[in-house]
2 protein chains.
Amino acid sequence: MSVLIVGSTALDSIKTPKAANPKLLGGSASHAAVAASFFTDVNLVGVVGEDFPKKYTALYHRHGLDLAGLQVKPGKTFHWSGEYEVNMNRRRTLATELGVFETFSPDLPEAYCATPFVLLANIAPALQSHVLDQMRRPRFIAADTMDLWLNIALKDLLRLIKRVDLFVLNDTEAHQLTEEDNVVAALPKLHKLGPKYVIIKKGEHGSILSGPNGLFVAPAFPLKKVVDPTGAGDSFVGGLMGYLAGSKGPVETNLRRAMIYGSVTASFCCEGFGLNCTTRTSRADIEKRVKQLLRMVAV
Amino acid sequence: MSVLIVGSTALDSIKTPKAANPKLLGGSASHAAVAASFFTDVNLVGVVGEDFPKKYTALYHRHGLDLAGLQVKPGKTFHWSGEYEVNMNRRRTLATELGVFETFSPDLPEAYCATPFVLLANIAPALQSHVLDQMRRPRFIAADTMDLWLNIALKDLLRLIKRVDLFVLNDTEAHQLTEEDNVVAALPKLHKLGPKYVIIKKGEHGSILSGPNGLFVAPAFPLKKVVDPTGAGDSFVGGLMGYLAGSKGPVETNLRRAMIYGSVTASFCCEGFGLNCTTRTSRADIEKRVKQLLRMVAV
């Protein structure tokens, strides 16, 4: 089955001590959609400006994304620029230029409204809700978020969370939202906000799923070198939802394996700037790493 | 088979914002030996002063520890005191009084010298080596350490590591020793120092084993509340070595499962001050949590 993915479609300028990488393809929807494309058909929803490079549209096409929901508007594409410190563990934002994103309203093409799987990748929760309003009884809905929305749009976010099956957030956001330092103690509080499934992402330390079948502790794929973690969380949830949508059988049965596929897809994302490494990856590369990761957790 | 465990046998005074816990039983050997005692016979090597409370000797006896190697010397037992901050994540040392530990020489009773499994729990590396010098061809040797020895006894430590099968350290110590921020990149450098197996402990994020069969990513047991993490690392390695020594078959085959048992034993340690919770635990409690943890990592 196919998956609809809405989120940001951006240009990311990423500086490191050794190199400048201007205007790479980025944004939560770009990372999530490319990640999901290894496993199933993807309907992309986003907005870009007239300056959006043709090579990036070509990249979307190479990954077989349906672009009927990608609006092209007069003005500039959303642009984020940031700088990494020497050890690549910390980055700071240099500039955020919203461009056409400022007035974005994700109105879906009619053909998208019956997509069975929906991934509301990181974007303002009001826009995530607006997409849900247009969907006709989707089979499974997941939403990701970021600290920004907890700070400036908490009410919108809480309203959204009630409507989703799976809520994905990182450990820092979980602490902020529940006032619980402890991830395990935060989980029941997150379920009380509505979602049947909760996944807390812990970066290099993997992720933890909570649902009716209890907890699942998922590893990250151990990497010798992280080049650029930008988009890793989006790739994780994109790979996860792509795998779920592309698999037969109930979600409950496939969810643990989907997290393994998400971890592996995210590992490729971390090995290059922007989408550089992910786009050079094949389904066979992913399967190879999934096998390796399954061996690394087999008791 | 039995395991010999050498390390510190101490009294720990642990202050928290809510309570003072004076002179609890502590030290690396106490935690590791009690942890190992759930799985096999333990020969304890350590030193205490004449002030060592009888109730703690009784506690050792209740856990069936062989105390022929526990020296009782004139003077005071090693005493550490520390204080935790509100969220229990940080602690600072208030005082360290070495007492009889200052002149400790771990001379083994003749009957100990043929113990097949040896755990050199955290203690000065020169003392760990001195124990090894007295052993007759042990089957499997593991050594733990702490940052202090990297700072003040690095040469001794490097000399020791060459002689052990398994070297256990935490992520911070691995970074310090290899100058690698990345755990995965640190592992080959640690193997070059000698040991066939390396385990890097990451606290609540679990641990990672590297050996001839590749990597094993082991989870920590997810806890809703951590009361006192003091001794968790010692309990982990104690439970691990106890399980290895108590199991049939080659170490290589049992090592992954041994880490699961180590994680679970350490989880009980974290749920009480000092050894309070560990000593109330039964083998059946451990087996129950092992089953739960195995379900949490099954894909």
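A residue counts as buried when its relative accessible area is under 20%. In this predicted model, T265(A) has a relative accessibility of 1% and is therefore buried.

**Surroundings of T265(A)**

T265(A) lies in helix α9 of chain A, which spans residues 251-270. Beyond its neighbours within four places in sequence, T265(A) is in contact with A35(A), F38(A), F39(A), S235(A), G239(A) and I286(A).

**Interface between the chains**

The contact between the two chains involves 27 residues of chain B and 27 residues of chain A. Together the chains bury about 2200 Å², and 62% of this area is on carbon and sulfur atoms. On the side of chain B that touches chain A, at least two residues each come from α7 (183-191), β13 (214-218), α9 (251-270) and α10 (283-297) of chain B. The most is given by α10(B), with 4 residues. By class, this side of chain B has 16 nonpolar, 4 polar and 7 charged residues. Between chain B and chain A there are 0 salt bridges, whereas 10 residue pairs are in polar contact, both residues being at pLDDT 80 or more.

**Salt bridges**

Over all chains, the structure holds 16 salt bridges.

| Pair | Closest N to O distance |
|---|---|
| E180(A) and K189(A) | 3.4 Å |

D133(A) is exposed, at 53% relative accessibility, and R163(A) is partly exposed, at 36%.

In the second pair, E180(A) is partly exposed with a relative accessible area of 23%, and K189(A) is partly exposed with 38%.

R283(A) and E287(A) are both in helix α10 (residues 283-297) of chain A; because they are 4 residues apart there, about one helical turn separates them. R283(A) has a relative accessibility of 35% and counts as partly exposed, as does E287(A) at 27%.

**Cysteines**

The structure holds 0 disulfides over all chains. C270(B) is in no disulfide, and its nearest cysteine sulfur, that of C269(B), is 5.4 Å away. A disulfide requires two cysteine sulfur atoms within 2.5 Å. C270(B) is buried, with a relative accessible area of 11%. C113(A) is likewise buried, with a relative accessible area of 7%.

Notes:
Residues numbered from 1 in each chain as written. Chains lettered and ligands numbered in written order. Predicted model: local features only at pLDDT ≥ 70, side-chain atom pairs only at ≥ 80, totals over all residues. Heavy atoms only, no water. Contact = heavy atoms within 4.5 Å. Buried area = accessible area lost by both parts, 1.4 Å probe. Salt bridge = Lys/Arg side-chain N within 4 Å of Asp/Glu carboxyl O. Polar contact = N/O pair within 3.5 Å; in protein donor to acceptor, adjacent residues only side chain to side chain. Nonpolar A, V, L, I, M, F, W, Y, C, P; charged D, E, K, R; others polar. Buried < 20%, exposed > 50% of the residue type's maximum accessible area, 1.4 Å probe, protein only.
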